[in-house]
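Student: Hi! I'm new to this one and would like to go through it with you. Can you show me what we're looking at?
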Amino acid sequence: MESKKTSSKIGVYICECGPNIADNIDIDTIIARLPSLEEYQNKELVVKRYKLLCSNEGKEFLENEIRENEFTHLVVAACSPRDHDTTFINVCKKTQLNPYLYKMVNIREQCAWIIPDKEKATEKAIRYIRAATSRVLKQSELIEKQLDIDPGVLVIGGGISGIETALSLAGKERKVYLVEKSSELGGKMNMFKELLPRQNGNRDIIEKKIEEVKKNESITIFLETELESAVGFLGNFEISLKNIKNNQPGAEFTVGAIVAATGFRLTDTGKLAQYKYSKESEVYTSLEIENMIKRDGKIVLKSGKEPESVGLIHCVGREEKGYCSQICCNYMLKFISFLQQQSDSIKIKDFYRDMCLPHKEDQGFFEEVKNKGADFIRISDVKIKGTHVEYTPIGKDKKEVDVDMVILAPAMEPEKGTEELAELFNVPLSETNFFQEEHQQLNPVETSIEGIFIVGACHGPAGISESMLQAQAASGKISTRLIPGKKIVPEVKVSEIMEDFCMGCRTCMDICSYGAITFDGELSVCVVNEAICRGCGNCAGSCPSGAIRAKHFTSAQIYQEIIEAIR
Amino acid sequence: MKPEGKDNFTPKIVGYLCNWCTYAAADMAGSSKLEIAPELTVIKVMCSSRIDFNMVLTTFFNGADGILIGGCHPGDCHYDKGNYYTRRRFALFKDIMKILKLDPERLQLSWISASEGNRYAEVVNSFTEKIKKLGPNPLNGNPYF
Amino acid sequence: MNSKDKILVIGAGIAGMEASLLLANAGRSVLLVEKLSLTGGNTIKNEDSFPNLECSTCMIAPIQQDILQNPNIEVMTLSTVKKVEGEAGNFNVTIDKKARYVSLVDCIGCGMCYEPCPVTLKNEWEENLSEKKAIYVPCEGSLPNVPAIDPEHCLQLNGKKSCNACVEACMFGAIDLSEKDEEVQVDVGAVIVATGFDMFDAGKISNLGYGKFPGVYTSMEFERLFASNGPTSGELVLRGGGESPRSIAIIHCVGRKELGYCSGVCCMDSFKYSHFLKNKLPDAKVYNIYSDICLPNKTYQIFYNKIKGEGGGFIFQSSPEDIEIKESSGKLGVNLTDRNGAAESLDVDMVILACAIVPGKESENLAESLGIELDGKGFFLTRKEDVGTVETSKAGIFVVGCAEGPKDIQNSVIQAEAAVGKAILIGEINGK
Ligand SMILES: Cc1cc2nc3c(=O)[nH]c(=O)nc-3n(C[C@H](O)[C@H](O)[C@H](O)COP(=O)(O)OP(=O)(O)OC[C@H]3O[C@@H](n4cnc5c(N)ncnc54)[C@H](O)[C@@H]3O)c2cc1C
Ligand code: SF4
Ligand code: SF4
Ligand code: SF4
Ligand code: SF4
Ligand code: SF4
């Protein structure tokens, strides 16, 4: 074998998979043919078969073979990599062989099981193995990096979601910075006295939580403050704040994650033609009513007198906004229940379209309120002129009624500044202008930028309970990823930009969904941040000058595969 | 009677499959033991958006008779929007084929999700049939025509 | 690692899997106990999930693979929790582990053992729309891809006849008919209950004709009928007849009145079916028969509007309790009260009942073993003193997903992540 001595030595291991591969692929033919092929002429090649490589004995066998033969490259021809790629990567990890110098070939699902003709299946298997051996020689070692992290967290917004996030995360080894643009903590909940019956176990929850936040030594509160800039990635974001009152630069620090909890506001009813009213009329938005209950302890007219009749109108601005705000039906029921307790003579007319009762306790609440005598009218249309209500009950003719007081449930929309914040973070907004999740179902409280989270009403219309759960969810994700004292290991199969080839067109920058690419103004080239990149290869597919190497999926590697695939 | 000469032509076809959907569908087709045309050789990419001009050209210049690109259904991309880019690039790939005087039908893009093992088999088989009808790649592996 | 650092997750649906994976990736060891022979729960029964109509297998299978391959997670299938003693940080758990009779290590999932088995059974997992053998995987693509044997029906195991056919067919010696059920004892620090839900039994409302008329389907039956890895490979053909329906009525809120709550997902599910049907059978007439539309997410109304735009009737029924389904000469008749209070009737080939989500059958037993409470409806109860929590009345035990009440995938995952944040604080210092 002296003459064949080169630096690379390739092992090709073919699994019989019991009869699954062996019965339909002539493994001996492969073993006999491979070494005679031209591309192996000046290389060392070991080709062997084994009955079941994924079994414990199989794994041990393979491990010993890699060690004893001192392979530089390894190909395993067996089942689907979806079943056992990890198995063989782990075998490599136990040896000197870098797992990125190994490749698995699927000769079961893609040959033995789908090609009934044994000869053809064998030919096909040879084709796949040749493609893989050629490819593997072009693969390069990739080495996992360990990055230090800062376990600290920045929370933007001091409403219930922000407060809950801060309290869930703050601790001896984790600092939390809580930034609020107004002059006090608490958000909208400061206006509430009564919660829903399913929540009333803890009426003064917000006061208690604000106290806890203030007492917690690991939480630093910044009032009347905004975020000025945030750059970095999971584990390492550089933050600078801005003092709103004097428009001066504020504190600067590093955190590992950011949680946006910037909440909502009610849509401007003045912009909706069918809900025109003057400031003097007895028409109130829901938040005004909450405030009234908190301030006066009851719902009264401007004169201080109790109303004799109240009309409540749901879904104000819903069609215009394009979504249901989820919580308004519930708080309208809360108001009705409050009015019913205040006096049993108040006539209540509730104008609704669909009753949205998504929590398991909600329908019971609705039925209770309804049975106490409130008049629920399902409408297809409604319009007010002051407290004169014109409405069309579903399937009936238009009607009108005068009431003493009208309460509107305007749609929730994201707080002012949400768009700017999204831009600052480089995260997308959803069609409805709330922040968008990385994955609506599987990663619902994180954005497309790893390490930036969204909770509460800025994530979408949400009640207090849902907001708190989202806050806890973000805390859960953060505490599993930013463990004090532990490092993180980012993906290594990432893309890199070759400076010399990049012409600075920034095509790749717009394409990357994860904000992994930035532009270096000085050199006029783009740069991939490897800590953020997830290795999809989209940028490599887009670059007009071929400047991007998708590691482990480089053009050179794929070309080798192509050549053998169609030889 | 079939057109002569093409009956015993064995085409060479490359299937670029995304790791998350279509590759998984191929697995499901395999474990359902569906019969699939042996002419297509699979090359796995993480996302169909990795596929660029050079890959398409290299594949045809080296003599492939057809290319099948398989990705997740629009909206299902594991990497958010990758397959939307694939779809756009695909239109450009087709234009390039016209310039090369290659029948654009030799390049096909199919969305096949992980549970669609049956559909994977159907798509591969019908694409293979189509390429057989189209006959050998006229570039014949010669990049300089 | 200290045993009390281990976390027990009960139920391998989306919520249980998400919780397990996050904890395992943080270095915690997890015991994931699942009563069925496969992971994935209810989500993997769906072809596509709303609102993005993303293929469920594409979404979920990578998570199932991760769960099975993660060295920090031990998955115990065909197992249920029998007893839990102790307190937060120090629970002793007794698990009933049923024999699978097939080794998860040795079996390679080749499927050679099915054919020789002489016993054919209804496949419950496929809503009885297909058959399986006594040695079975519930569907193509089950994970782990390893069969189990049904001991009640296996001839050898139930003692009716001696049989060894599957054992002989298996070239890997993976089948062991002498395996016994076990009782396993484990110490854990925290417990996350993620046992999910069952579906309302539509047969309880006799007016709807379920079980009487073959053209009447439950929503879960329709999900499987539509699934490309399901009993008909996704071909929409009616039970028995083998024909495609030309007109379909989807009835919302089935069981809502009886149960006293809205399930929050059935409207969206129904719209999804409407879309599926319009796509596969463009000429078919599709009717959504509803009384309230519930769209509890910022994007759901967009989906609803899109479905409305695809055509198909949306019929508001003003008196949902009066709906009745009849059959005459093979056609189904849906009698309902329309928006004006007038009687209306529709002739259709197929009816899909959008059934309510109900508590899992074993919730009561499990609650008792865990020493936690259920609410009046049979779902697990979270701490009453809290406004938004996944904690139960017993410290160290958390409940997430539909086990706590009906909800969509998004909210199930949110709760799972919330529970992870709490559970990780037990037994180990994590920043605190
Ligand atoms: C009339 C009404 C009644 C309701 N009743 C109930 C009920 O009974 N039960 C229930 O569950 N839900 C109820 N809700 C819903 C409830 O109000 C919300 O679920 C909850 O307030 C959401 O909390 P949040 O922290 O996300 O938002 P918010 O309470 O809006 O808090 C956000 C905070 O962030 C701050 N902020 C915003 N932008 C920035 C920025 N750029 N930088 C720094 N700080 C910023 C804001 O000033 C605010 O303090 C009701 C809603 C309304 C409108
Ligand atoms: S919660 Fe009720 S009032 Fe609010 S938008 Fe939805 S249906 Fe309308
Ligand atoms: S697309 Fe290519 S050339 Fe353009 S900026 Fe990115 S790396 Fe540079
Ligand atoms: S490979 Fe994907 S994630 Fe990485 S930089 Fe390129 S586009 Fe972004
Ligand atoms: S032993 Fe049981 S499972 Fe196996 S083939 Fe016989 S009846 Fe079927
Ligand atoms: S038990 Fe044996 S025959 Fe059956 S699937 Fe597993 S390995 Fe194959």
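Tutor: Happy to! One term before we start: a salt bridge is a side-chain nitrogen of Lys or Arg within 4 Å of a carboxyl oxygen of Asp or Glu. Keep in mind, too, that this is a predicted model.

Student: Okay, how many salt bridges are there between chain C and chain B?
Tutor: The count there is zero. Chain C and chain B do have four residue pairs in polar contact, with both residues at pLDDT 80 or more.

Student: And how many residues does each of those two chains bring to the contact?
Tutor: Chain C brings 14 residues and chain B brings 13 residues. Between them, about 1100 Å² is buried, and carbon and sulfur atoms give 50% of that. On the chain C side, C:C58, C:E140 and C:S228 lose the most area to chain B, together making up 38% of what that side buries.

Student: Which elements of chain C give two or more residues to that side?
Tutor: They are β4 (54–55) and α2 (56–69) of chain C. Of these, α2(C) gives the most, with three residues. Sorted by class, the side of chain C that touches chain B has five nonpolar, six polar and three charged residues.

Student: Let's stay with α2(C). What span should its 14 residues have?
Tutor: At 1.5 Å a residue, α2(C) should span 20 Å, and its end C-alpha atoms are 20 Å apart, so the two agree.

Student: Is that helix mostly enclosed or open, and why?
Tutor: It is largely enclosed by the rest of the structure, because 11 of the 14 residues of α2(C) are buried. Among them are C:C58, C:M59, C:I60 and C:I67.

Student: What covers those buried residues?
Tutor: The cover includes a piece of another chain, α4 (81–93) of chain A. From chain C itself, it includes α1 (14–25), β2 (30–33), β3 (48–49), β4 and β5 (73–76).

Student: Chain A, then! How much area do chain A and chain C bury between them?
Tutor: About 5800 Å², with 50% of it on carbon and sulfur atoms. A:K360, A:Q440 and A:Q441 supply 14% of the area that chain A buries against chain C, more than any other three residues. The contact takes 75 residues from chain A and 67 residues from chain C.

Student: How many salt bridges turn up across that interface?
Tutor: Six. As an example, C:E417 forms a salt bridge with A:K477, where the closest N and O atoms are 4.0 Å apart. There are also 28 residue pairs in polar contact between chain A and chain C, both residues at pLDDT 80 or more.

Student: Which element gives the largest share of chain A's side?
Tutor: That is α14(A), with 11 residues. By class, the side of chain A that touches chain C has 30 nonpolar, 29 polar and 16 charged residues.

Student: Can we zoom in on one residue? Where is A:D354 found?
Tutor: A:D354 lies in the loop between β15 (347–352) and α12 (362–371) of chain A.

Student: Does A:D354 count as buried or exposed?
Tutor: Buried, because its relative accessibility is 12%, and the cut-off for buried is under 20%.

Student: What does its side chain reach in chain C?
Tutor: The side chain of A:D354 reaches the backbone nitrogen of C:I293 at 3.0 Å. Within chain A, the side chain of A:D354 makes a polar contact with the side chain of A:R378 at 3.4 Å. Leaving aside neighbours within four places in sequence, A:D354 is in contact with residues including A:C329, C:S291 and C:D292.

How values were computed: Residues are numbered from 1 along each chain as its sequence is written. Chains are lettered from A and ligands numbered from 1 in the order in which they are written. This is a predicted model: local features need pLDDT of at least 70, side-chain atom pairs count only at pLDDT 80 or more; totals for chains, interfaces and linings use all residues. Side-chain values use heavy atoms; hydrogens and water are left out. Contact means heavy atoms within 4.5 Å. Buried area is the accessible area (1.4 Å probe) that two parts lose on being put together, summed over both. A polar contact is a pair of N or O atoms within 3.5 Å; within protein, one must be able to donate a hydrogen and the other to accept it, and residues adjacent in sequence count only if both atoms are side-chain atoms. Helices (H or I, at least four residues) and strands (E, at least two) are DSSP runs, numbered from the N terminus. Ala, Val, Leu, Ile, Met, Phe, Trp, Tyr, Cys and Pro count as nonpolar, Asp, Glu, Lys and Arg as charged, and the others, Gly among them, as polar. The expected span of a helix is 1.5 Å times one less than its number of residues. Buried means under 20% relative accessible area, exposed over 50%, partly exposed in between (1.4 Å probe, protein chains only).
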